[in-house]
Each structure stands twice: as C-alpha cells, then as structure tokens.
Amino acid sequence: MGRPLLNPRLAEFGTTIFAEMSALAQRTGAINLGQGFPDTDGPDEVREAAVRALRDGRGNQYPPGLGVPELRRAIAEHQDRFYGLGLDPDTEVLVTAGATEAIAATMLALLEPGDEVIAFEPYYDSYAACIAMAGAQRVPLTLRAPSFRPDLDELRSKITPHTRLLLLNTPHNPTGTVLTPEEQRSIAAIAVEHDLLVVTDEVYEHLTFDGAAHLPVATLPGMRERTVSISSAGKTFSFTGWKVGWAMADAPLLAAVRTAKQYLTYVSAGPFQYAVAEALRLPDTYFDGFRTDLQRKRDLLADGLRAAGFEIYQPQGTYFITTDITPFGESDAYAFCRALPERCGVVAVPNSVFYDDPDAGRSLVRFTFCKQDDVLREAAKRLRDLTS
C-alpha cells in the first residue's frame, strides 16, 4: 500500500506502558506494582448487586443511551451529597464505558483541528491520544518535583488565541497532587477570564490523604456552565474491570459529549450500572474507611521504598507513589523499569512516558500501593536487593 496504515495523528502512540509492563509482570512472574488495579474485589454487597441484576434480567440487553435512570439518579445524589452540586440526572449526567471513554467523547465533541489543550504533565497517557484523535494540539504545563504544584503564572503564559480547553486531573495521576481550593479558584478565574472550557478528571476523588480534600472545580463561580466533570466507579469501589464511568455538565455541554459518545460504545456494562448505583449510596463509613485503609497502604509501601533506597515524593491522593532512582546512580527510568523484574521481581512504570519531554521525568518511577499488605511487604523486601 502506498500510504501508512496508521492515521498519522496516532503515529507517536504504540502499546500503552500499562499493557507493556503488565505483560512483563506475567512473563517474569514479578509482583505488578505498575498498573493501578487492586488485587482484591470491592464491597461484597456491590458485587452481589451486580449478580442480582444479572439474574433479574436488568441490563442484560441494551441499557438507555444516557445510562440506566437508577445510576444517573445515584450519580446526581452523590454529587449533591459530597459537594452540594445539584445535577439534573436526565440532562446533566451521562454514563460511559469508564472515565477513559468519557474523556475521549469529550475531546472529540468539543475540539476542532488546530485547537490547543493545556494539560498538566505528567499526564495519563490516554489524554494525549484523545487530543490527537480530535486533531487538536496538547500544550503541557509541567508539574515539577519535589512539590508537583502547578505554576499558575506559567499557565497564563501558555494561553493563546487558539486555546480552547484546560484539561485538569485532581487528585493527579501519577504525582498524587491534590489541587488546593486556592489553586482551583485561580484556575477557575483564568478559565472565566479567557472564556475557556474545562474538563476535569476526578476518578480519584475519594482517594485523598492527610486531610487533603477534593473540590470539584464545577462548584466554583462561573464554572458550572463551562466544565465537564468526569469520574468513575473503578477506583472508588475497586471494580476496575466493570468500566462504569460518567460525565457531568450543564445540559448543552453534555448534549455535545453525548453526540460523540453514542458513536463510540453506544452503551455498556448494563447490569453493572445497577450495582454502581447501589455503591454510590453506601454510607460515609465506607468512603472514610476506604480512604483510611489506602493511606495506611501508602505509608506501608513508602516506608519500604525508602528503606530500599528510593527518594520518595509523598502523594496526597490516588493509588500511586512517585519515586526518584538517582540515589541508585540510575537516570533512565524506562531502562530501570524494564530491568527491574529480572533484578528483583517487581514491576513499576517509568514516569517519563507521561511527559512530552521525556527528560522532564527521566529519573522518576511510579509504584502503585492498591495491593494486599503481604504483597506490598514482599515487594519492598525484594526491592532492597537493589542495594544489597
């Protein structure tokens, strides 16, 4: 054939780092602290709700395009319960195949070729691919160690007449940064001043530590009408394989997102939608207990990584700890992670793949702590071999 088979917009994207490293873990039998999925299921009552829906024949055929009414109502109730954000479940909530589809549909719906999207870097790899598929250009705002806080003056300097959208992620994967209310208010003011759309990925909204709290930017003055908020059930309830996510926005914005989404999966995860509706209505004790347990796991792995010789950047949220490998005399995180399973039987992810400029994160490595305690202890024990 005379032309490349792959759309040039996607030429820079190959197999995701998560697939590559998970395959490496399987091939070597290493402990997988690379990809962020728990090694235990979520609440029994939520799993049983899915079984009950299957047996009752609810969702076994195509669910409504917007998502089942029970889940849309539960999402709206959740937003009001935790953030005081009133949503109309019939016009302002859209159920998607995980947050990844919500992001893709939103980018495809709202962007045109030539538009610019400012996104925090390092960023979840699907952001770059979704922006590229829409024909837009990504403009990174780099979060730098050790604090990984956004430089808001730098943000202002990156806005041009072509800037269409700010893509936020808080709590932030992979750094674990949680934007403060002051940072959120400043970003909101910039968005209003320049009439920008904002898309915010909030999948780790309940995974915050040390007193940090998540504040949806859509709750701030002038933001409701310009913000698409995205979240999902996978991280909060430890059922990542169900792929139940949602987008929330004012009706006109959400209608645009729905137009693109209906030509992606159309619908998905019918029986699981009923189960997630029940999950979102779990008592506060569940959310508080889950957060406390994850903070304990974070501290368990962080202590082990420090003992092994890593420099640690303590996360305020998410599943992940970012580390620096320079104390080992290493500087190439990608090479380090490819060799790590053979060296000590552990898999991690190089942060360099989450940057436009790999040098910005060349020595940074991400580990996940959403695993059983025994697994985290064994991984920490194995990693001590790096200095033995």
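Biologist: How much space lies in the second largest pocket?

Modeller: About 190 Å³ in this predicted model. A pocket is an open set of points on a 1 Å grid over the protein atoms alone, where a 1.4 Å probe fits, with protein on both sides within 12 Å along at least five of seven lines. Its volume is the space filled by probe spheres set on the points, joined across faces, edges and corners.

Biologist: Which residues lie closest to its centre?

Modeller: Thr-40, Ser-238, Phe-290, Asp-293 and Lys-297, out of 17 lining residues (an atom within 4 Å of a point). Helix H11 (residues 284-308) gives the largest share, 5 residues; helices (H or I, at least four residues) and strands (E, at least two) are DSSP runs, numbered from the N terminus.

Biologist: And what does the largest pocket look like?

Modeller: That one holds about 1000 Å³. Among its 42 lining residues, Thr-16, Phe-18, Tyr-124, Asp-125 and Ser-126 are the closest to the centre. Helices H1, H4, H5 and H8 each give two or more residues, with H5 giving the most, 5 residues.

Biologist: In what order do the strands of the sheet run?

Modeller: Pairing takes at least two DSSP bridges between two strands. Here 7 strands form an open, mixed sheet, S2-S8-S7-S6-S5-S3-S4. S2 (93-96) and S4 (137-142) have a single partner each, so one side of each is left without a neighbour in the sheet. Further in, S5 (163-169) and S6 (197-201) pair in the parallel sense over 5 bridges, and Leu-166 has Val-198 as its bridge partner in S6.

Biologist: What conventions apply?

Modeller: Residues are numbered from 1 along each chain as its sequence is written. Local features need pLDDT of at least 70 and side-chain atom pairs 80 or more, while totals for chains, interfaces and linings use all residues, and side-chain values use heavy atoms, leaving out hydrogens and water.
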